[in-house]
Amino acid sequence: MATSKFFFTIFLIIFPSFLLKSDARGEIAVYWGQNEQEGTLTKTCNTRRYAYVNIAFLSTFGNGRNPKINLAGHCDPDSGKGCRRISNGIKNCQGQGIKVMISIGGGGGSYTLTSDGDATAVADYIWNNFLGGWSNSRPLGDAVLAGVDFDIEQGPGDSPHYAALARRLSAYNNRRAGKRVYLTAAPQCPFPDHWLNGALRTGLFDCVWIQFYNNPSCEYSSRNRGGFRRAWRQWTSSIQARKFFIGLPASRSADGSGYISPETMRSEVLPFLKGFEGYGGVMLWDRYNDVQSGFSSAIRGSV
């Protein structure tokens with residue numbers, strides 16, 4: 001009888017852990033800033049759909065350029081008030097536990113890193129103007145962002161200087177009184193990424209949201225399930241990161257290819273992804289297209 005009670009007690013202790021594991025949920029990340037019709041940052045976060053919001057983009061930097069943000073029609077950084085009013089939206093999001101990042105790069109803009117010294121200068125600019133440092137010309141006001149998202153899509157292939165940028169930003173962790181500088185990245189799904197392989201190999205990134213769109217060789221389709229699954233396995237087994245997200249267009253019109261219907265996400269794609277340690281959730285391009293399609297609402301319960 002004593003033995004039976006012992007095993008019953010152990011069962012009661014262990015069984016809830018299985019329940020918690022089976023109920024583990026991923027999160028949704030979204031890019032915001034490239035279409036004024038997507039609504040404000042406050043409205044975005046008040047939906048409670050997103051765990052991460054990437055402000056897109058710091059699209060000019062490096063090689064002696066004056067760094068500059070481009071938030072499409074949301075605000076004009078060159079005007080008198082600039083984009084500092086965005087600070088209130090950032091603080092509202094943070095008050096809800098949402099991590100707000102500054103995303104650097106993007107498909108347009110003018111950026112490159114020409115040396116490790118150049119990378120250090122850009123990192124110091126980002127620290128002082130968006131993170132925990134100080135500057136009298138902070139583009140987004142006095143809000144302190146959670147970290148930096150690397151969305152590098154142009155310039156020399158696999159530049160070693162983005163690794164230097166990641167290391168310099170990570171070194172600022174020691175100056176934030178217990179708060180981390182989060183690093184995230186949005187590589188293309190063909191492995192290794194053409195621009196960020198060296199940076200990702202540092203092992204410093206918290207989240208990697210892999211762009212499984214505009215890349216027919218590895219994006220999901222009914223005729224390319226194998227290619228998609230091989231790519232996901234390779235990314236999650238080759239790169240050290242805390243979490244991996246599948247990056248997708250939030251509507252059919254959001255990008256050239258790679259859209260997956262919510263029904264297919266729920267029935268096939270997400271069950272596959274959840275079988276991997278390090279699964280983090282879904283990244284969406286972008287908030288405007290999510291507003292149009294309702295994609296995040298349709299998959300949220302299954303992520």
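**Stop one: a pair of helices**

Select α7 and α8: α7 passes α8 in a right-handed crossing, meaning that the near helix is turned clockwise from the far one by less than a right angle. Helices here are DSSP runs of H or I with at least four residues, strands are E runs of at least two, and both are numbered from the N terminus. Now show side chains for Arg225, Phe228, Arg229, Trp232 and Arg233 of α7, plus Glu268, Val269, Phe272 and Leu273 of α8, which make the contact (heavy atoms within 4.5 Å).

This is a predicted model, where local features need pLDDT of at least 70 and side-chain atom pairs count only at pLDDT 80 or more, while totals for chains, interfaces and linings use all residues. Residues are numbered from 1 along each chain as its sequence is written, and side-chain values use heavy atoms, leaving out hydrogens and water.

**Stop two: under α8**

Stay on α8 and pick Pro262, Met265, Glu268, Val269, Leu270, Phe272 and Leu273, its buried residues (under 20% relative accessible area, with a 1.4 Å probe and protein chains only). What do they pack against? Colour α7, β9 (243-249), β10 (279-285) and α10 (295-299) to see.

**Stop three: the core**

Next, select Leu140 and Phe150, the residues with the most contacts inside the largest nonpolar core, which has 77 residues. A nonpolar core is a set of buried Ala, Val, Leu, Ile, Met, Phe, Trp, Tyr and Cys residues joined through side-chain atoms within 4.5 Å. Helix α4 (residues 116-130) gives the largest share, 6 residues. Apart from this core lies another, of 14 residues, including Tyr31 and Met283.

Methods:
Buried < 20%, exposed > 50% of the residue type's maximum accessible area, 1.4 Å probe, protein only.
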